[in-house]
Amino acid sequence: MGLNPKILFLITFGIAVMLIGAFYLFNSGQNNQTENTATSENVDFSASFSIYTNGTFRIFTAPMYHNLSADVFIEATNPNIVNVKKSNITWADFFATLPMKLNENCLITGTKQAFCTNSDFVLQFYLNGERNQSALDQVINPVDKLLVTYDRENASIIQQQLQSIPNSQ
C-alpha cells in the first residue's frame, strides 16, 4: 500500500522548508562572524593600570603575566603598561588573558588570593580618574588609566592610588 500523494507532498515540502531554514541559519552565522572580524583593526597604542588590595600595590613582574596574547599584553619592562594591538579590546578582554580572574565584584589573583566585595571591603574601579563600576566593559583607549582597588572606601587613599598609575606614553 503506497503513501497518499497529498501526504507524500507534505512530507517533501516539510523537508525542503527545513533544509532551506538550516541553510539560512548557517549562512547568517557566517556573515555575522565576518562582520565582527572586519570591525577589528590593527592598532598600536598603550594604556596603563594599577591594582591595589588592602593598600598593597600588586606587581605583575612574574613572567606568567607577560606577552600572553598578540592582541593585548603587558611586558616585563613595564608590567603596568598595557600594549594594545587590535581595536575594540575591552579591559575585560585584557584581564582575561592573564592568569587571574576579575569581575565587578571579585578579584582572584594569580596566586589564588580572593578579594571580593563584602560588608567591610569593596572592589572599586576608576577609569581616567572617575569611578566606573563597569570599567571592565569599556574599550581600552590610548592613554587610558585604570585603577582597580580593594579596600574600605577612603577618598584620600584612592587619590594617592590614582596618582600612582604610570603614564603610558
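These legends describe close-up views of a predicted model.

Residues are numbered from 1 along each chain as its sequence is written. In this predicted model, local features need pLDDT of at least 70, side-chain atom pairs count only at pLDDT 80 or more, totals for chains, interfaces and linings use all residues, and side-chain values use heavy atoms, with hydrogens and water left out.

**View A. The disulfide of C106 and C116.**
A search of the whole structure finds 1 disulfide, meaning a pair of cysteine sulfur atoms within 2.5 Å. C106 is joined to C116, with S to S at 1.5 Å. The link is right-handed, with 65° about the S-S bond. C106 lies in strand β6 (residues 106–108) and C116 in strand β7 (residues 114–116), so the pair ties together parts 10 residues apart in sequence. Strands (E, at least two) and helices (H or I, at least four residues) are DSSP runs, numbered from the N terminus.

**View B. Accessibility of the two cysteines.**
C106 counts as buried at 17% relative accessibility. C116 counts as partly exposed at 26%. Buried means under 20% relative accessible area, exposed over 50%, and partly exposed in between (1.4 Å probe, protein chains only).

**View C. The surroundings of S168.**
S168 sits in the segment after α3 (155–164). S168 is buried, with a relative accessible area of 15%. Not counting residues up to four places away in sequence, S168 touches S46, A47, S48, I81 and V143. Contact means heavy atoms within 4.5 Å.

**View D. Residues 28–38.**
pLDDT, the predictor's confidence in each residue from 0 to 100, stays under 50 over residues 28–38. The model has 0 contacts beyond four places in sequence for residues 28–38. The protein chain has a mean pLDDT of 87, and 82% of its residues reach 70 or more.
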